[in-house]
Each structure stands twice: as structure tokens, then as C-alpha cells.
Amino acid sequence: MTQQEILSGLKEVIGAVKPKLDISGVSMETSLLNDLGIDSLSMLLMSLAIENKFGFQFSTQTPFEKVGDVVNYIASAINK
């Protein structure tokens, strides 16, 4: 799966967790907290949705700062 495909799927997840957000401008450089308002509860919900969408166990305590950090984590988990 390419980074672009993962980013597209992640944007769907973000849209489901934060339905009032306009996800059209979300990029690899978008800040989860500052740009999207992803707090700890939103991140927990995102983690569960990511597991369902991409089919792997989300098992990191690493704090993610940008959307690209999450995309890279997903890529490393599913492209093993």
C-alpha cells in the first residue's frame, strides 16, 4: 500500500472521528493537535478506527505530531 493510499484512508478515519472537520486540505504536514484538534480521546478513537480500516493492532505509545507520522507508522505496520 502506498503512502498516498494510506493518507487517503487516514483522511476517511479522521473525517469519521471529527465529522465537522474539512479534511480536503489534510496533508502529511498537517498537525494533529494544532490543525485538526486531535486530543487524547480523539486519538484513541482514531487508533481503533485505524485498526479496523487497515487490519493491524495499533500498539505504540509514541505521540504523533503530524499526519505524516501516523501514515509512516501505518506503512511500517502493514508493509512488513
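Predicted model: local features only at pLDDT ≥ 70, side-chain atom pairs only at ≥ 80, totals over all residues.
Residues are numbered from 1 along each chain as its sequence is written, and side-chain values use heavy atoms, with hydrogens and water left out.

**Exercise 1. Confidence**

State the mean pLDDT of the protein, and identify the elements with the lowest and the highest mean.

Solution. The quantity pLDDT is the predictor's confidence in each residue, from 0 to 100. Its mean over the protein is 93, and 100% of the residues reach 70 or more. Among the elements, H2 has the lowest mean pLDDT (93), and H1 has the highest (96).

**Exercise 2. The packing of H1 and H3**

Describe the geometry and the composition of the contact between helices H1 and H3.

Solution. Step one is the geometry. Helices (H or I, at least four residues) are DSSP runs numbered from the N terminus. Axes are lines fitted to C-alpha atoms over the stretch in contact, with angles from 0 to 180 degrees between N-to-C directions. The axes of H1 (residues 3–17) and H3 (residues 67–78) come within 10 Å and cross at roughly 115°. This crossing is right-handed, a term for the near helix being turned clockwise from the far one by less than a right angle.

Step two is the list of residues in contact (heavy atoms within 4.5 Å). H1 contributes Gln-3, Ile-6, Leu-7, Leu-10 and Ile-14, and H3 contributes Val-67, Val-70, Val-71, Asn-72, Ile-74, Ala-75 and Ile-78.

Step three is the class count. Here Ala, Val, Leu, Ile, Met, Phe, Trp, Tyr, Cys and Pro count as nonpolar, Asp, Glu, Lys and Arg as charged, and the others, Gly among them, as polar. The contact has 10 nonpolar, two polar and no charged residues.

**Exercise 3. The nonpolar core**

Determine which residues of the largest nonpolar core touch the most other members, and examine Val-67 and Ile-50.

Solution. A nonpolar core is a set of buried Ala, Val, Leu, Ile, Met, Phe, Trp, Tyr and Cys residues joined through side-chain atoms within 4.5 Å. Of its 23 residues, Leu-10, Leu-32, Met-46, Ile-50, Val-67 and Ile-74 touch the most other members. H1, H2 (40–54) and H3 each give two or more residues to this core.

Val-67, in H3, counts as buried because its relative accessibility is 0%; buried means under 20% relative accessible area, exposed over 50% and partly exposed in between (1.4 Å probe, protein chains only). Beyond four places in sequence, the contacts of Val-67 include Leu-7, Leu-10, Ile-14 and Leu-32. Val-67 and Ile-14 are 53 residues apart in sequence and 9.9 Å apart in space, C-alpha to C-alpha. With the same exclusion of neighbours within four places, Ile-50 is in contact with residues including Leu-10, Phe-56, Val-70 and Ile-74.
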